[in-house]
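I opened this notebook to keep track of what I looked up, entry by entry. The structure comes first, and my notes follow.

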Amino acid sequence: MTSDMHQSLDSDLVSLFGVATRVVDLSQRLSNSTSAHETMPHTIEYFEHEQTAESVSPALGLRPEHWSHRQAWAWERVTLTTHSGTHIDAPYHYGPVDDAGHRPRTIDEVPFSWVIGNGVVLDMRECTRDDGITAADIEAGLQRIDYSIRPLDIVLIRTDVSLHYGEPGYDLLHPGLRRDATAYLVERGVRLIGIDAWGLDRPMDVMAAQALAGDTDQLWESHKYGVSHQYSQIEKLCNLNLLPAKGHGFHVLALPVCLERASGAWSRVVALVPEV
């Protein structure tokens, strides 16, 4: 087995319904090396085959030597939040009740129609972390790829901040969406927005400074918009640079783990790009 066989694939070619399809992995790899600079750290403990032969054998009345090569099975214990690594936020994450007093959807209530659909990638690399991404920026991005938003499109925001995943300060680098940008998409029927950065809103230090200066309305504004205008978002994507340059013509599959009453869940997000 060669060393490159142990690496995660950025993309792979499969046959899907008889069509050659490139599968692009849009999910960051969660590892102990990415934990130190996370605001909500995670840990992965690895239990190897020889260890489990020692630990499980007594309960079965066995000894380690009963196992072939004194090896049982490998397993891992992971401690993390539902917002660690690449994950999908449910509307409940944004607030406990909407304007009508109802509880927003939790992750187990998010419809499949939200998380499987046509993909659109918008290049927002020129936007700054202070100004963020506005509705005008979204409109300009759509004009560049000659595309009009359709209901249930899955819109992915490219910043390339994903290249700094696992580095100190990663969570403070990105240009996040302003409220009017999020509203622009949701009002046109988008129910899932993704970004290749730590969060969908602007960095926390930018928003905190402006809130302390008196502007509290902008604090977590895109998230808060989702309380009464329900949508979901994918945070910590990667590899958006591998998607079609024309910005559309692919599908996104972003199935969250089904956790009861949870505000979010981890997802292995992939893009399906027909090779035509």
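Which residue follows α3, and is its phi positive or negative? I found that α3 is followed by aspartate 146, whose phi is positive, near 55°.

Before going on, I noted that this is a predicted model, in which local features need pLDDT of at least 70 and side-chain atom pairs count only at pLDDT 80 or more, while totals for chains, interfaces and linings use all residues. Residues are numbered from 1 along each chain as its sequence is written, and side-chain values use heavy atoms, with hydrogens and water left out.

I then looked at helix α3 itself, residues 135-144, where Ala135, Ile138, Gly141 and Leu142 are buried (under 20% relative accessible area, with exposed meaning over 50% and partly exposed in between, for a 1.4 Å probe and protein chains only). Seen down the axis of α3, these buried residues fall within an arc of 120°, so they line one face of the helix; the arc is that of the directions from the helix axis to the C-beta atoms. Helices are DSSP runs of H or I with at least four residues, and strands are runs of E with at least two, numbered from the N terminus.

The buried residues of α3 pack against β6 (116-123), β7 (154-158) and α4 (179-186), where contact means heavy atoms within 4.5 Å. On the face turned away from that buried side, I noted the exposed residues Gln143 and Arg144.

Next I turned to two cysteines: cysteine 127 counts as buried because its relative accessibility is 18%, whereas cysteine 258 is exposed, with a relative accessible area of 63%.

Lastly, I placed tryptophan 75 in strand β4 (residues 75-79), and at 33% relative accessibility it counts as partly exposed.
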